[in-house]
Every structure is written in structure tokens, then in C-alpha cells.
2 protein chains.
Amino acid sequence: MEKVHIAVSQAYDVLIDRDLLAQAKQLLTPHVQNKKVLVVSDRNVEAAGYVSKLVEELTSVAEQVTVEVLPTGEAQKSMANVTRLLSRLAELNFSRTDCLVALGGGVIGDLVGFVAGIYLRGVDFIQIPTTLLSAIDSSVGGKTAVDLPEGKNLAGVFHQPRLVLCDVSLFESLPSAVFEDGCSELIKYGMIMNPILLKGLLERPAALKASDADLVEIVKICVELKASVVLEDEFDQGLRQLLNYGHTLGHALEQVSGYQISHGRGVATGMLVFLKIAVRQGRLAPEAVEKFARLLHTYHLLPERYNYSTELLQAAMLKDKKRRSQTITIVLPSEFGRCELKELPIEIFMNVFEEEWLAYGQATS
Amino acid sequence: MEKVHIAVSQAYDVLIDRDLLAQAKQLLTPHVQNKKVLVVSDRNVEAAGYVSKLVEELTSVAEQVTVEVLPTGEAQKSMANVTRLLSRLAELNFSRTDCLVALGGGVIGDLVGFVAGIYLRGVDFIQIPTTLLSAIDSSVGGKTAVDLPEGKNLAGVFHQPRLVLCDVSLFESLPSAVFEDGCSELIKYGMIMNPILLKGLLERPAALKASDADLVEIVKICVELKASVVLEDEFDQGLRQLLNYGHTLGHALEQVSGYQISHGRGVATGMLVFLKIAVRQGRLAPEAVEKFARLLHTYHLLPERYNYSTELLQAAMLKDKKRRSQTITIVLPSEFGRCELKELPIEIFMNVFEEEWLAYGQATS
């Protein structure tokens, strides 16, 4: 078993291995013994049998185990669900020493982390990511959030989990499109700060699969990368914005599509468009674009074409939280495997984006 | 002008004087210049003319000033209002550098502080308390919260304001019942940690009024007392619970009455009942009870009688957030002007409370 220690203000461990859910009783005992536990999950995860497995593990150690199973999809990251879960905790008489468990992907993790962060001004929670994306992204760093009708992740808190149990075997039941979404974040880590990881992905004889022997190691590398960034910038003042590579446009695409475009695919397009902007600005050589697009295509992350207008996406990006008053901070590659933050006046960014988006539309139409 | 510096993790000042609202432009400029500002207030405060006065002060310095006026009353501290205000901020394209202003009593302050604490995971806010109660209690310490149908203050975050502008002239327009509610908290500070303040209140020839010359000084003493407690215990791990003297029962009374019983009156009854428990346990001499009741009566803080059953109040207290799994921490006077924390098994507390509540009912019926 791999263990990554995340030494933020309230430190915790990320445990990474195969078949960890089957050891949940033993691994979670310090956090749930004689406590009330609310497990929040979604219908897909329940259908895969993971909810009943976890409940079976916890029942003999916890004082009480209650389960809330939500429908799937980004729409669940809502203030309505926050309000509902808060009332559920109050009905169950949850006290400050009880514990929530998020068993699911990023939607469940972000929602449950937020609820745990505000109920009684903060109670414990444990993350058990069931997708590659949430394992390497939202499970590390303590950012929790829900969406508003006006945009994604607009309300949230910083709240660290007590433990992350990352059982990569769970990813084997994922639909391939969902696993590929996680690969988009893998590629992002490579592109922003790890040329070796990026090279490894490029030179791999076949696309990464959930059953591949080196998945535990790859997840560990990404968790360590994210942890290193988070440690330097726990409250998202600067460096951490590197992790938003591709996200400014990615979030906008997710939102204008009513979340029909997945996070990984939105981010993939965002990364490619922003790479093209960087090339156009002379930051790195043009060959990078084709090489990078090829990698994204391997994981089916680029769509045939988009039908969203420049104006619609510009408006959505302006509503995104990364915006500062009169400027926008964007993440641009400086070499193949390195990115840097660049603050631009909003108007200039919008012009550059428009040119690139129109070119992108022509290339893919 | 008095200034109390609150040196919590994100330090800020509390400015205390008469006629500060008229200087809001100058005093708030560092925090609102070229920023979007959302002023949230309530109808009573608007009717007193304070909202238009503040907007007039801010319009020439801020980039944009928007106002939200809510109905009055505890029912406004709801998740529905949180959701609505979050969407309002998103519609206004508020960014991380913009600023909210809470112009009102504890309800507005707690609600706006919470919204500011979660919008984009935290934006600035300024408190301008319009009641004595909020000036000396909720404006200091960074505790924000809203109520759930199941109980008071069950959802919230720790989020410190950037500045508190405490203009005691604003209290002159308060209905006397609302000013007296603030006096309940004054008395609480005296009883938990300042025998001199308590003695001063007891020996005062007439009840304190909003126009009294020494009000600025008295408010300053209370803000300093609260700040000293908050500084030792910013995240409410122990000492800060002293401030909850009278609140376990006070919150329960507020809640079972559908918030018809005010905070100050609920807390006053809570303080008296818990003083009686302390006397019954031999912690201090019985004379304290009559002396303390007389002081509370001076400010009309004790009702003729209550019609709530022991069982109803016990259930409400159990839902209160101060409850730990199998024990409850209560605040009991140890002398006239000193309190201490006492952790009791829930069952024992419930028995003691039942005896005292029945006796209290007989005494007041």
C-alpha cells in the first residue's frame, strides 16, 4: 500500500492500493469507532455494490451507519442538496465528533466535503473516490464546492478530509468514458509540472487502463504532485492556480452544455486551446500542438466539433471564479511539461481567445 | 474614537464611537475603493434611514453599490436566503476582491458573514452592527451561521470581517426591547468574567440607555472581553464556550417559541436557571440568585411565565450544537462574576435541568 502524507494545517493521509474497500473496517476504525456515520454515495456506485460493501465493513465499528444515495450527475452539486443533507445530519443528531463518508466521484466528494465543512462549522469527513478523476484531483487539497445556476463551484469552503482511501480497483467498474475523463487530469499534471510523466504517457504502447499494474504508482505520482502544490498554497493564493490549466475554458464548456460535456473533456479542449494560445504568443514551438492533440485523442478526449459561440463562452468564463476585477489569470504552457501563470487584462484575453476559438472551430468543423 | 484590534489569523479592527456612519466613506475607503459592494440590510434599518445614508457615503468610492433589503427576524437566517444571496453575487459578477457589507443586527451579520465565507470560498465583508447585541456579540469572533429547521446556528463557517464599524448612535433608534436584549449580553460578560462590569451594572442608578455617555466605553469593554476569549480559542475548541453561558437553554427557548422569545430574553432565562443549578450544586451562595434576577428584571428580560414543558426543551437542547456525543458541556457560575465549563453526562444534566425547570415554572406561575 502506498501512503502519501498531506501535511496541510490539518494533516491527513491518502492511502492508495488495490482492494482497500475490503479492508475499510480496519483502515477506518480510528475515524468511525463509536461514532455516527453518514455515507453519501450515488446510484452508479450503489449499483456497483460498493455502498453495501462499505456499510458491511463499518456496521460493526460505528455507533450507527446511515446511507444517502443521490442520483448521478453534476446537477447534484447544488445548494438544494446541501440544505437537504444538512437537515439530514440535524435529524440524525450528528454532533461535532461524528463523521461523513463521501463514497463516489468528484460530485459526491465536493458536495459532501462542503456539507461537512459547514455543518456545526465543520465536522470530519472521509473520502473514498470511486473515479480516477476524483482520486487524483478533488480528493486532494481540501477544496470543496457546489455549483450555482450562474456557474460551477461558486460556493464552497476549504475543508480537509481526515483520510482518503483510494482503492484503484474501484475504477475497473467505470465506463471507459469516465476513466478517460480521469486521464485528462493525468495528462494535465504531466503538462503543468512533470515532463517525465507526460513522456511516459506519450510513449505508452497502449492507452492506460484501470487494470494496468502501474496505475497505483501513477495515481501516487499525481497525488504527490497535487499535494506539493497544495502545501505551498493551501488557500489558493497563487501557485495552486497552475492546477487550473485548461479549466477556465473547461468549466465554461461544461456549463454552457448543461454539463453534457464532461469535466475531463472540457478541460482537454481547454488545455489544447490554451496551448495554441501559448504557441501563437511564441512561448513554445508549434510541434507541441500536434503531439499534445494526439495524446488527447488516444483517450477520446477531443470531440468532433463544438457548436458554442465565442460570445457564449466568453460570458461563461467571466462568471468563473478565477476572474479578478479587471484582469484574468490564465495558465499557459512554457514548455512541454511546464506551465506558468499569466495575468492578462480581460479585454486582451478575450481577443486572443476569440481568434483561437474561431481557428479551433474551423479546424474541427 | 475607540479602536480594538482583533489579532486573529486574519486580523481586523473594531472601531467604536458615536456618528461613525456619517464618516463611512472615509473609514471604509481602504476596503471598498473601486470594488463592487453589496450592502445587505433589513427593513427596520432601512426605515431608520441608515441604508440610504450608507449608500450615499459609498457611492463615490466604490465601483458599484447594490443593496439587498430583507424582512426582519430570525427566520431570515435561512439556507434559502444563503442560496438567494449567493446567486445575487454571481449575477453581479462579484469576484474574490469585491466586498459585502452587513448593515444590521445579528441576523444580518450572521447571514452575510456566512455568505461571504462561502462565496468563491471566501470574500471580504464589513460589519456595521445596528444593535447593541450584535455590536458586543456576533460582530466579534468570526462565527457566522444560519439556522436549520432543526435548530439554531447549525450551519456556518469561521470567517472574520475586514472591519467592524460600531456606531453606537445607531442604537438610539432601537425599540427599547431590542436594546434590552443587548443588555442581556452585557450582563452575561459581567457574569462570566468581569465582576467589576457586573457590579457597575448592579449599582447603576438607572438602567443603561443608548444615549448614555458611557456606552462607548461599555461597548469597548465587552468587545475587548470577547476578543480576549476569541484570541485564545479562535476555532471554538474550549474556552470560547464560556460565552455560551445561558445559551444552551436560551437557544432552546428561542427555537421552541418559533423565535418569538428573543435571543437576549432566552439567554437571560438560561443564565438564571443555570445560576440556580450552580447554587443547588453548592458552587456559590444562594443570595446570588435574587441579586441576579433583580438585575435581569431591571432590563425586563424575564417573562411572567413560560408554558414550555421540560421534555420539549430537553429535546431542543439535545439538538443544539454544543452537544458532544454522550456528554454536554455547560457553563456554570463559580462566583458572582466568574463562570467555568463543566462537562456532564447528558442524563445527569437532563435530570438536574428538569428539577430546576419545574421549580422555575412554579416560581413564575
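Me: How many positive and negative side chains does chain A have, and how far apart do the centres of the two sets lie?

Reply: Chain A has 36 positive and 45 negative side chains, with 2 Å between the centres of the two sets. Lys and Arg count as positive, Asp and Glu as negative, while His and the chain ends are not counted; each charge is placed at NZ of Lys, CZ of Arg, CG of Asp or CD of Glu. The model is predicted, so local features need pLDDT of at least 70 and side-chain atom pairs pLDDT 80 or more, whereas totals for chains, interfaces and linings use all residues. Residues are numbered from 1 along each chain as written, chains are lettered from A and ligands numbered from 1 in written order, and side-chain values use heavy atoms, without hydrogens and water.

Me: What makes up the secondary structure of chain A, and why is the chain called as compact as a globular protein of its length?

Reply: Chain A has 14 helices and eleven strands, taken as DSSP runs numbered from the N terminus (helices: H or I, at least four residues; strands: E, at least two). Its radius of gyration is 20 Å, close to the 21 Å that the globule rule gives for 365 residues, and it is therefore as compact as a globular protein of that length. The radius is taken over C-alpha atoms, and the rule is 2.2 Å times the number of residues to the power 0.38.

Me: What percentage of the residues of chain A count as buried?

Reply: Of the 365 residues, 63% count as buried; the term means under 20% relative accessible area, with exposed over 50% and partly exposed in between (1.4 Å probe, protein chains only).

Me: How many aromatic pairs are found, and why is the pair Phe349(A) and Phe353(A) called stacked?

Reply: The search over all chains finds twelve aromatic pairs. For Phe349(A) and Phe353(A), the ring centres are 6.2 Å apart and the planes stand at 25°, so the pair is stacked. Rings of Phe, Tyr and Trp (its six-membered ring) pair if their centres lie within 6.5 Å, and planes under 30 degrees apart count as stacked, over 60 as edge-to-face and the rest as tilted.

Me: How do you know that Phe349(A) and Phe353(A) are about one helical turn apart, and why do they count as buried?

Reply: They are four residues apart in helix α14 (residues 346–364) of chain A, hence separated by about one helical turn. Phe349(A) has 0% relative accessibility and therefore counts as buried; Phe353(A), also at 0%, counts as buried too. In chain B, Phe349(B) and Phe353(B) likewise form a stacked pair, with 6.2 Å centre to centre and 25° between the planes.
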